[in-house]
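Biologist: I am new to this structure. Please take a close look at how its charged side chains pair, and then describe the surroundings in one connected account.

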Amino acid sequence: MAVNGLIAIFSAWDYVVLAAVLVISAAIGLYHGFAHGGQRTTSQFLIGERAMTAIPVSMSLTSSFMSAVTILGSPADVYRYGAIYALFAISYTIVSIITAEIFLPVFYRLGITSTYEYLELRFNRVVRICGTLVFMIEMILYTGIVIYAPALALNQVTGFNLWGAVVITGAVCTFYCALGGLKAVIWTDVFQIVIMVAGFVAVIARAVVVQGGIRRIIDDSYEGGRLNFWNFDPQPLQRHTFWTIVVGGTFTWTSIYGVNQAQVQRYVSCKTRFHAKMALYLNLVGLWVILVCVVLSGLCLYSVYRDCDPWTANIVTAPDQLLPYLVMDILHNYPGLPGLFVACAYCGTLSTVSATINGLAGVTVEDLIKPCFPSLTDRKLAWMAKGASVFFGAVCIGMSAAASYMGSVIQAALSIFGMVGGPLLGLFCLGILFPCANSPGAIVGLITGFCISLWVGIGGQLYIPPPERRLPLNLSTAGCNFSNYDINNNWTSISNWTSTTAVPTVTPLIPMEANERPAIADYWYSMSYLHLGTIGVLVVVVVGLAVSLVTGGAKQNIDRKYLHCTEDFSFDIFAFCRRDKKDKTEDLDLSTYSDDKQEAGSQNTTFQHDKMQFPEKGKTYNVHDDIQVQDHVIPPFSANPCDKAS
């Protein structure tokens, strides 16, 4: 990076810090690969024997999708578009509640390993395979971006070969995923989230000192229009408004936390449902902490460069390089701190890629291999899961090449989750919330939603929305008066700049002449990227319900354990605190009994029998009897899947 006309380079201490992070991450995988006999079964490798507790899982949930995309892309987004990005705090809150109270109870009580196993239980095997394939496409595309982003940062601040950095990142992730399974992934995430927060804190603290206090940063941000927290424009075409972030952001992030295998695989690994719910709510606190760090970093970035924007001045070639540039500018005299920031970006990648690889290995074994080869032993399946981890690690490294053509990493990443994750979320909503939904409706709805989401999303990449839709804020080069090296080590003269300009426009994937731009590009293709998920969910649900009703879905009887019913809204923490310390059955869920003809959830002993034991009463109840517990009556099964006593 250019600093005072010279390229700042890593010191020995920077290399030590970065190497230490990589070695410790690999060591954690090595430990879990051999401790206690190693990962010998699929239960051990994929879900940690369902023995994890709330705190490490919550940190893993935060770390997994607060990736290098967040570390590099989000502060640049605040720098360019303002602190309205902070409204994602509301989206995160809604998403955590929806996931904990709607999706988690259904997945946890079924005892499933793959999220898409639910689709076969609720619909049929064709729907399960469709969901699995869509998930695999989504995560391979996303992981390419996540690997490329920190490799780019490392290339910019150290001069390391870009693709060498990509291979190192992917190799380290693949190593500890294939060796240590989910436990290694979770505990490396715990270590990595600490490094991520430390990297942010180092940048923010130094920027505050350089600028003479936090008040100066806030004043600069206010004068530059960056404190634009409230924009209630109802148009879904505007990139970021209160409504696009809260509504569109909720749909987008619910597709990640609610039904994405990489996240679900974590909270179903908890030893009780109480721990699973607490993991999600503690994760919310972690998301808020990361969001505060992101917004403050973006405001610091603007305060330091308010009079000489490195992007407009061509010192950096992409917005996602702005934060690494700031790091080397203000921290190059502090050996080890630039290395800490690069380690921060690396940890974001390691956590996300490891989550993805583990999730892809899980669905490959559970959804594709195990049903086709039921005679395989569990030990052989565990080895196949390890082999799948290696394979998908290589695939994700290869996909990172495509990420170099996708522009802003934060928008590209969330666009993928919207285009692909939105229809998947709609599919699960059909199954869990609507008893009348059937298999034809699910398949037609998924295909329709997927096609329409791709249509809008790809159209938005080909025809970049006009500036009045994106609302970029002004960036100035009026204070630039120096000679410098650009990021390609070419001498660039930057002197006597006097203009104040809007940010340069983003280059579309395929250049279009002005007269080639169709009218639809300014409306349908200009839809906020956050609403791609909203469109996908709504289309799948509406089309799926319509087709289901036409094909007789209203006449079917669905086992209530596949549906979300009102008794699933249980705030376990209060019940847990009221119980006697001797009572360890905090996850007793009276809606989770199943009939003995169903094999679902066979790994969870609660569902292996048609009777349940209540320790405090010492009495056995049959599922066909009415059960009186405190003030609630749980009736036996009825034709109506959600028929409950009033």
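Modeller: A residue is called buried under 20% relative accessible area, exposed over 50%, and partly exposed in between, with a 1.4 Å probe and protein chains only as cover. Helices are DSSP runs of H or I with at least four residues, and strands are runs of E with at least two, numbered from the N terminus. This is a predicted model, in which local features need pLDDT of at least 70 and side-chain atom pairs count only at pLDDT 80 or more, while totals for chains, interfaces and linings use all residues. Residues are numbered from 1 along each chain as its sequence is written, and side-chain values use heavy atoms, without hydrogens and water.

Side chains of opposite charge can pair when their charged atoms come close. Here a salt bridge is a side-chain nitrogen of Lys or Arg within 4 Å of a carboxyl oxygen of Asp or Glu. Searching the whole structure gives twelve salt bridges.

One of them joins the side chains of Glu101 and Lys277, with 2.8 Å from N to O. This pair links distant parts of the chain, since Glu101 sits in helix H5 (residues 88-110) and Lys277 in helix H12 (residues 273-304), 176 residues apart. Glu101 is buried at a relative accessible area of 2%, and Lys277 is buried at 3%.

Another salt bridge is formed by the side chains of Arg128 and Asp367, at 2.7 Å from N to O. Arg128 belongs to helix H7 (residues 125-158) and Asp367 to helix H14 (residues 337-369), so this bridge ties together parts that are 239 residues apart in sequence. Arg128 is buried, with a relative accessible area of 6%; Asp367 is buried too, at 0%. Both residues belong to a network of salt bridges that also links Glu120 and Arg125.

The side chains of Glu223 and Arg306 also meet in a salt bridge, at 3.4 Å from N to O. Glu223 is in helix H9 (residues 214-223) and Arg306 is in the loop between H12 and helix H13 (322-331), so far-off parts of the chain are linked across 83 residues. Glu223 counts as exposed at 56% relative accessibility, whereas Arg306 is partly exposed at 22%.

Lys277 is in helix H12, and 23 of the 32 residues of H12 are buried, so that helix is largely enclosed by the rest of the structure. Helix H10 (residues 242-257) is mostly covered as well, with 13 of its 16 residues buried. H10 reaches 21 Å from its first C-alpha to its last, close to the expected 22 Å; the expected span is 1.5 Å times one less than the number of residues. H10 bends by about 35° at Gly249, where the bend is the angle between axes fitted to the seven residues ending there and the seven starting there.

Phe232 is found in the loop between H9 and H10, and is partly exposed at 46% relative accessibility.

The whole structure has zero disulfides, a disulfide being a pair of cysteine sulfur atoms within 2.5 Å. Among the cysteines, Cys173 is in no disulfide, and the nearest cysteine sulfur, that of Cys177, is 6.1 Å away. Cys293 is likewise in no disulfide, with the sulfur of Cys344 as the nearest cysteine sulfur at 8.8 Å. Cys173 is buried at 0% relative accessibility, and Cys293 is buried at 8%.
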